Amino acid sequence: MTRDWLPIKTTPWTLGLTLLLIFLLAEATALPQRIDYWLLDSAMLASPAIASRDVAIVAIDDLSLTQQGRWPWPRRTHAALIRKLHQAGAETIVFDVLFTEPSPDDAVLRHAMQAHGKVVLPVYLSPPSSRFMLSEQFPASDLITAAIALGHAHVELDHDGLARGLYLFNGMTRHLWPALALAASGVSPRQPELSGLPSFINVRDDYRIVPLAGGAGALPTYSYSDVLNTPLALDMFGGKTVFVGATAAGLGDILPTAFSGLSRPMSGVEFHANVFSANQQGLLVKPAPAWAGIVLALITLVALAVLLPRMRPARTLFACAAAEATLLGLSMVMLAAFQVWLPVARALIIPLLAFPIASGLRLAMTNQFLNRQLDALVRSPRVALPDLSKRPPRQLLEHFQALFQPQGWLLLEGNDILTSRNLGPADVPANLEPGLWRNDGNQSWIQLKRGSSCYTLGLTLPNDLSRDAIQRYLRRLKISSSGLAIKSLRPSENISARIERVKLATERLNHMQEFIRRSFERMPDGIIVTDELGIIRFANGHIEEWFGEPMPSLGGLPLTRLLEGHDPRETPPWHETVSETLTLLQSRTVDLNIRDKDFLIHFAPFALPNSNQYGIIANISDISELREQQRQHREAIDFISHDVRSPLVSQLALIEQLKRDPTHIEQSQLEQLGRLARRSYHLAEEFVQLARAEQLTETRFYECEFLAIVENARDSVSEQAVEKHISLQLQGTEDLWLRGNAELLERAVINLLTNAVQYSPAGSAVSLQVFRAGHQACLTIADDGSGIDPDELPHLFDRYRRQKSSELAGIHGTGLGLSFVKTVIEKHRGEIYVISSPGEGSSFTLKLPITDPMP
């Protein structure tokens, strides 16, 4: 069974069914809805509605709360506002304020409402408490009789949490109350269409999207306190519908909209005023039926499934782009001209996916053909290697020189000497047979024919044990032309010109595919493959990277020259290792050092296909990390055997001393024993902390605040600083959120602070500066200590490394503290720098990436 057992074709059925499957998967997610919301918001933001001149807002803002006192206010205050607006000529007053509880001032408010005659009050649908069912919360009974109309104040939030519209009618099963804006326009309540529903069911009808005039503050807004306490001009409220409600953030009546989101949400009274403004101008948008978007998507799917398979690939992209533009244009026309919102995200997804799917199906068809050709390549036994019989004699001699390092050579063209060393024409044996090697002692000769020219090649080989192996190897080489020509095969299938060229190319690569199949069964490391003369014919990307040689220059380069150029050595020389691999057919493993990195190179001979010749596969493994681990292992053993054992041995010796004379235990002996125990504990603790840091992964990261970490570290070191009369001065007030491990970060900062206090003179100061630099949280710890010698700075963060000046001064450390700090910072993808001069103190700077805090 071949790889193309399932035929793939670009037909209306295959394309249509694929698109239908992806459409159903997208329909099961919230992606289409989010795209529709984004398109709607973009249209609203691009062209905000024009605010009606007949609407104004009296805002219960923060200034009013300051001047009038805490909320709720006495209802005589609202009565005074109604009288003031009545004097200013307000046509209708709409309160977005709940008056559900009776009040002694209801009579005063009722008289003011009756005197004006057109005051609208809200109805609120809510359970009186958690133990009751949903019900309608009306204004106090005295106020209901004075109101001209009642309207509901509910605004709907969409699935993404934004307010885009509301139901024009909302209520329980007895009455559907119009929205406040509709009630202000004279719309009366109506009966629900369904009957027999329970009394606690919330019934909503006639949803509309509201085109807002802008964000918060877009409509004319006046402070409640200013209106109440200052004279009003007739043009401010004359003939207008005035909405009264809370805009102060503390009252909590806020709605996120497309214009503001959560950054500057809109108050409920402003939203209802926008509803009134849009309704007066006939701009309220009606959503299209839910089935309309699905039908439009199916129509688009069918149209593209029928058209795309018949189009050229170059025209497919334009067809899909035209479909996208048409759908977007249709949505914008319906919204602008007919005030109908038609969700088109489902339909937009279809052409967006149709192009890559159609292209993928076409590529799959091409891939099936290429798979058949690749199967033919797998079955082909030939190898495409440069034929030795076609190589120029000069090149052959150069390759022999690189491979065998002969002591002498001679190359003649006829009777003319082309190049020679330690050999001359008099040394040429008589009666050489063309194409066959003749060995005379340590000399090997062959006569070659290239075209009409006759060449004589002689080599003086090393007179040692390798000579016989090299001569046997030379006898196996076929470097003379056999005179047979390979007849090229022409494809007979009638296919397109492009695929025909691909097929011819795959036939030309037929031999090389078999060569690569044998050479590269596995390539975990750097790989070099040579021919039978040690000439590089293939090298992977690791070789190019490690040796710094461009890939084109590697092909045709002798392997010995590559190795000698980067790691020259005398014992054993590279040419000997490479030549013995070919002549003795034995593997070799040699150490290799390139640019201060440790490698292990393994030479292995392999048989070339359809030949009795051998090439070399050189496998190069990077063992720098292994060597570093070995070094760290040795250092850890030395650390445990010396630093950890030393205080333990001292403790045991002191304990034995106390046991011999337990009646005379001095305080100094106990203190010494305590110091030794604490040192042992600190050694073990730092060793364990370093191991924890090295095993740290991002799975143990969480949101943490950097300034709090630094403050905790400062508090942990404060007692040590107080003992030396050193002040820890922290500068920084900004909260910087990181994603990391707060415990290890705090321990790293403690290590730096401990060092700063330990190496600072008594009575000095250590400064800690926490600040933000771009997208990084930074901490700089500076002290006035003795500083660090420049020779020790490059090795400051090496494990088990101690400063000589510190050891001489009697400050004994483990050499793990700064290594732990660097490991923790690197695990958090951060950086650490140090600036220090002897006698001028030191400054350590940490930089860690900032992340936004979790909501």
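Is Gly 526 buried or exposed? At 0% relative accessibility, Gly 526 counts as buried, because the cut-off for burial is under 20%. This is a predicted model.

**Gly 526**
- Gly 526 lies in strand S21, which spans residues 526-530.
- Beyond its neighbours within four places in sequence, Gly 526 is in contact with Asn 540, His 542, Ile 543, Trp 546, Ala 618, Asn 619 and Ile 620.
- Phe 599 is 73 residues away from Gly 526 in sequence, yet the C-alpha to C-alpha distance is 9.9 Å.

**Strand S25 and its partners**
- Strand S25 covers residues 614-622 and is mostly covered, with seven of its nine residues buried.
- S21 pairs with S25 in the antiparallel sense, over four bridges.
- In that pairing, Ile 528 stands opposite Ala 618 of S25.
- Strand S24 (residues 597-607) also runs antiparallel to S25, joined by nine bridges.
- Ala 618 in S25 is the bridge partner of Phe 603.
- S24 and S25 form a hairpin with six residues between them.
- Asn 610, in the turn, has a positive phi of about 55°.

**Helices H14 and H21**
- Helix H14 (residues 393-404) packs with helix H21 (residues 574-583) at an angle of about 105°, and their axes are 7 Å apart.
- H14 and H21 are therefore roughly perpendicular to each other.
- On the H14 side, the contact uses Ala 402, Leu 403 and Phe 404.
- H21 contributes His 575, Val 578, Ser 579, Leu 582 and Thr 583.
- The residues of this contact divide into five nonpolar, three polar and no charged.

Technical notes
Residues numbered from 1 in each chain as written. Predicted model: local features only at pLDDT ≥ 70, side-chain atom pairs only at ≥ 80, totals over all residues. Heavy atoms only, no water. Helix = DSSP H or I, 4+ residues; strand = E, 2+ residues; numbered from the N terminus. Buried < 20%, exposed > 50% of the residue type's maximum accessible area, 1.4 Å probe, protein only. Contact = heavy atoms within 4.5 Å. Axes fitted to C-alpha atoms, helices over the stretch in contact; angles between N-to-C directions. Parallel < 35°, antiparallel > 145°, perpendicular 65-115°, else oblique. Nonpolar A, V, L, I, M, F, W, Y, C, P; charged D, E, K, R; others polar. Pairing = 2+ DSSP bridges.
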